[in-house]
Amino acid sequence: MNAAVIQEWTDVEIGESVRGEDVYIIQSGCGEINDNLMELLIMINACKIASSSRVTAVIPCFPYARQDKKDKDRGRWSRAPISAKLVANMLSVAGADHIITMDLHASQIQGFFDIPVDNLYAEPAVLQWIKENIPDWRNCVIVSPDAGGAKRVTSIADRLNVEFALIHKERKKANEVDRMVLVGDVTDRVAILVDDMADTCGTICHAADKLVSAGATKVYAILTHGIFSGPAISRINNAAFEAVVVTNTIPQEEKMKHCPKIQVIDISMILAEAIRRTHNGESVSYLFSHVPL
């Protein structure tokens, strides 16, 4: 591990020589996202012009991942930018040779890059958490809060050998759900909501109410990226969750102080093993289905 000096509004300096080294820069897309992204780009470029042999950006939560395509707004194509593509271009131009990230909002984002991208999955760690922390997990139903997450929940349900359900939601506008329809049966079962991220938590909290009214005995939410902006914490505290489980791709210490329902799955060992395997030229596909010891 090398030291770096970052002085706001002035400069970035690498504290030690990286000539000929295989460099890994870890920076997640959270908090002051634009500042963090700019720091990452400058660090990549600093290492590149300091003659490092390879620069890998380890980005646990990829910034602007939700802006991966143009959507229709009231029947017309919106004027929203495809920011995920722009971030991919910026990383490549800065000099990144390789990207390691986790649970991209859409796996097609990998196609925005002309450099190798390893998109790791939190699924093995999620399966382990379910088996270790939900005593009656064999009587559970894995639920997707929207139709887009069907592939994610069916994969988990198949590996647990349980049933799945999904909720169809209609949005008036971003972060505001109009109506929800449950497809599947959760009567007298534990419902486990699974999604890649939660922002203001309006969707998952409405989904929890829907599941309870449909007869679920307990409701859990398991998310890879817990953004928790705006009224998210108060919504979770007032919702019918037993627990809201997130990984630490985004730091959660402050949020946990205000919300006892939030629990964290540590995925640092998955990232560490991915870095080790990449450095040694080994395959990382083992991590798609296993949690490293």
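**Note on aromatic pairs and the domain interface**

1. At 9% relative accessibility, tryptophan 129 counts as buried, because buried means under 20% relative accessible area. The model discussed here is a predicted one. Tyrosine 220, at 7% relative accessibility, is likewise counted as buried.

2. The rings of tryptophan 129 and tyrosine 220 form an edge-to-face pair, with centres 6.3 Å apart and planes at 70°. This pair links distant parts of the chain: tryptophan 129 belongs to helix α3 (residues 123-133) and tyrosine 220 to strand β13 (residues 218-226), 91 residues apart.

3. The count of aromatic pairs comes to three. One of them joins phenylalanine 62 and phenylalanine 113, edge-to-face, at 5.9 Å centre to centre and with 75° between the planes. Phenylalanine 62 lies in the loop between β4 (54-59) and β5 (72-73), whereas phenylalanine 113 lies in the loop between β7 (98-102) and β8 (117-120). Phenylalanine 62 is buried, with a relative accessible area of 5%, and phenylalanine 113 is buried as well, at 8%.

4. The chain is divided into domain 1 (22-120) and domain 2 (123-265), and their C-alpha centres lie 26 Å apart. Eight residues of domain 1 are in contact with ten residues of domain 2.

5. Between them the two domains bury about 850 Å², of which 56% is on carbon and sulfur atoms. On the domain 1 side, Cys61, Arg66 and Asp103 lose the most area to domain 2, together 52% of what that side buries.

6. Which residue forms a salt bridge with arginine 66? The partner is aspartate 199, with the closest N and O atoms 2.9 Å apart. Across the interface of domain 1 and domain 2 there is one salt bridge, and six residue pairs are in polar contact.

Key. Residues numbered from 1 in each chain as written. Predicted model: local features only at pLDDT ≥ 70, side-chain atom pairs only at ≥ 80, totals over all residues. Heavy atoms only, no water. Phe/Tyr/Trp six-rings, centres within 6.5 Å; stacked < 30°, edge-to-face > 60°. Helix = DSSP H or I, 4+ residues; strand = E, 2+ residues; numbered from the N terminus. Buried < 20%, exposed > 50% of the residue type's maximum accessible area, 1.4 Å probe, protein only. Domains from an automatic or database assignment. Contact = heavy atoms within 4.5 Å. Buried area = accessible area lost by both parts, 1.4 Å probe. Salt bridge = Lys/Arg side-chain N within 4 Å of Asp/Glu carboxyl O. Polar contact = N/O pair within 3.5 Å; in protein donor to acceptor, adjacent residues only side chain to side chain.
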